[in-house]
Amino acid sequence: MTPGIVYAALAYVAWGLFPLYFRQVAHVPALEVVVHRTVWSLVFVFVVLAVRRHWGWMRALWGQPRVLGAFAVSALLLSGNWLTYVWAVQNQHVVDASLGYFILPLVNVALGFVFLHERPRPGQWLAVAVAAAGVLWLAVQAGRLPWIALVLALSFGFYGLMRKVATLGALEGLALETMMLAPVAVAALAVWSSQGQGALVQGDAATVAWLLVAGPMTAVPLLLFAAGARLIPLATMGILQYISPSLQFALGVWLFNEPFQPARLVGFVLIWTALLVYSLEGWWTRRGSATA
């Protein structure tokens, strides 16, 4: 399981630092940022495929409508997640976005239990219960339905499930997803440019450069995530997921100075405690297996 854990952890660290990037393009509308992410991710993936001369898998897809349909759904889930997250960061909701990714491990455990018949151990269920209490506390303190958090958690939770059971590998799957989204994205860029709108026409060189960088910045963590998801249980993915929102939370509060009521700290402490419980339980189980 070690390679899968490394891949997933690197992906989550990258995603945890994403607010630093999206603040650089905060003046670009969220939808346009997502369009650029799609187009330049496809370009990056195609370069990788060309270097590896790895095109043969595409021919077999046309006779597999179920595979194409599944990846069409995963592409929609991914684009919806991107749009919600970019909008949240650009509108000073980094802490709310981090809550969504704190909820995501609970979603992963539930999806693994329902769809993959994974059976967490009692100590793991305890960690999930403590984390759920923390999430509930945060929702109560907010005094409203945390829609940003729920959309992010559910969309990426189901995306992770679909990628775990997908028939295609990490690179091939991402290529297919971006190929499905690219026609709409390219058309949008063409329309905006023909109307004299959009960053490609109105933006300065620095803005265009930042948008071009969105390709590898988007593709590399997704490739790492997809590779990790195929090697380790969803429950383990869920716990590693805490890396990302912890980094986002720290950036939102200490770097971007977003408002944070002291009462909400209780919820985050409960969630971090759940991570500690889950980690210690896993370490104890592995230690017991090694000495048995």
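Mentor: What follows is a discussion of a predicted model, taken topic by topic.

Trainee: How do the axes of H3 and H11 cross, and how close do they come?

Mentor: Helix H3, residues 30–52, and helix H11, residues 205–229, have axes that come within 7 Å and cross at roughly 65°. That angle makes H3 roughly perpendicular to H11.

Trainee: Is the crossing of H3 and H11 left-handed or right-handed?

Mentor: The crossing of H3 and H11 is right-handed.

Trainee: Which residues make that contact?

Mentor: From H3 the contributors are Val33, His36, Arg37, Trp40, Ser41, Phe44 and Val45. From H11 they are Leu211, Leu212, Ala214, Gly215, Pro216, Thr218, Ala219 and Val220.

Trainee: And how do the residues of the contact of H3 with H11 divide by class?

Mentor: There are 10 nonpolar, four polar and one charged in the contact of H3 with H11.

Trainee: What about H1 and H11, at what angle do they pack?

Mentor: Helix H1, residues 2–16, packs with H11 at an angle of about 145°, and their axes are 8 Å apart. H1 passes H11 in a left-handed crossing.

Trainee: Which residues meet there?

Mentor: On the H1 side they are Gly4, Tyr7, Ala8, Leu10, Ala11, Tyr12, Ala14 and Trp15. They meet Pro221, Leu222, Leu224, Phe225, Ala227 and Gly228 in H11. By class, the contact of H1 with H11 has 12 nonpolar and two polar residues, with no charged residues.

Trainee: Changing topic, how many aromatic pairs does a search of the whole structure find?

Mentor: The search finds 17 aromatic pairs. One of them joins Phe113 and Trp125. That pair is edge-to-face, with 5.7 Å centre to centre and 75° between the planes.

Trainee: Where do Phe113 and Trp125 lie?

Mentor: Phe113 lies in helix H6, residues 94–115, and Trp125 in helix H7, residues 122–142, so the pair ties together parts that are 12 residues apart in sequence. Phe113 counts as partly exposed at 34% relative accessibility, and Trp125 likewise counts as partly exposed at 37%.

Trainee: And the rings of Phe156 and Phe225, how far apart are their centres?

Mentor: Their centres are 5.0 Å apart and their planes are at 50°, so the pair of Phe156 and Phe225 is tilted. Phe156 lies in helix H8, residues 147–164, and Phe225 in H11, so this pair ties together parts that are 69 residues apart in sequence.

Trainee: Are Phe156 and Phe225 buried or exposed?

Mentor: Phe156 counts as buried at 6% relative accessibility. Phe225 also counts as buried, at 4%.

Trainee: Which residues do ring pairs link into a cluster?

Mentor: The cluster consists of Phe18, Tyr21, Phe22, Tyr85, Tyr101 and Trp210, linked by ring pairs.

Trainee: Let us turn to the backbone. What is noted about the phi of Gln92?

Mentor: Gln92 has a positive phi of about 60°, although it is not a glycine. Most residues other than glycine have a negative phi. Gln92 sits in the loop between helix H5, residues 65–90, and H6, and it counts as partly exposed at 48% relative accessibility.

Trainee: And what is the phi of His117?

Mentor: His117 has a positive phi of about 60° and is not a glycine. Its place is in the loop between H6 and H7. His117 is exposed, with a relative accessible area of 57%.

Trainee: Where is Leu168, then?

Mentor: Leu168 lies in the loop between H8 and H9. Leu168 is buried, with a relative accessible area of 11%.

Trainee: Which residues does Leu168 touch, not counting residues up to four places away in sequence?

Mentor: Leu168 touches Trp57, Leu61, Phe71, Arg163, Gly173, Leu176 and Arg230. Leu168 and Trp57 are 111 residues apart along the chain, and their C-alpha atoms are separated by 8.8 Å.

Trainee: Lastly, in which helix is Pro183 found?

Mentor: Pro183 is found in helix H9, residues 170–194. Pro183 counts as exposed at 52% relative accessibility. Pro183 and Thr38 are 145 residues apart in sequence and 9.7 Å apart in space, C-alpha to C-alpha.

Terms used
Residues are numbered from 1 along each chain as its sequence is written. This is a predicted model: local features need pLDDT of at least 70, side-chain atom pairs count only at pLDDT 80 or more; totals for chains, interfaces and linings use all residues. Side-chain values use heavy atoms; hydrogens and water are left out. Axes are lines fitted to C-alpha atoms, for helices over the stretch in contact, and angles run from 0 to 180 degrees between N-to-C directions. Helices (H or I, at least four residues) and strands (E, at least two) are DSSP runs, numbered from the N terminus. Angles under 35 degrees count as roughly parallel, over 145 as roughly antiparallel, 65 to 115 as roughly perpendicular and the rest as oblique. A crossing is left-handed if the near helix is turned anticlockwise from the far one by less than a right angle, and right-handed if clockwise. Contact means heavy atoms within 4.5 Å. Ala, Val, Leu, Ile, Met, Phe, Trp, Tyr, Cys and Pro count as nonpolar, Asp, Glu, Lys and Arg as charged, and the others, Gly among them, as polar. Rings of Phe, Tyr and Trp (its six-membered ring) pair if their centres lie within 6.5 Å; planes under 30 degrees apart count as stacked, over 60 as edge-to-face and the rest as tilted. Buried means under 20% relative accessible area, exposed over 50%, partly exposed in between (1.4 Å probe, protein chains only).
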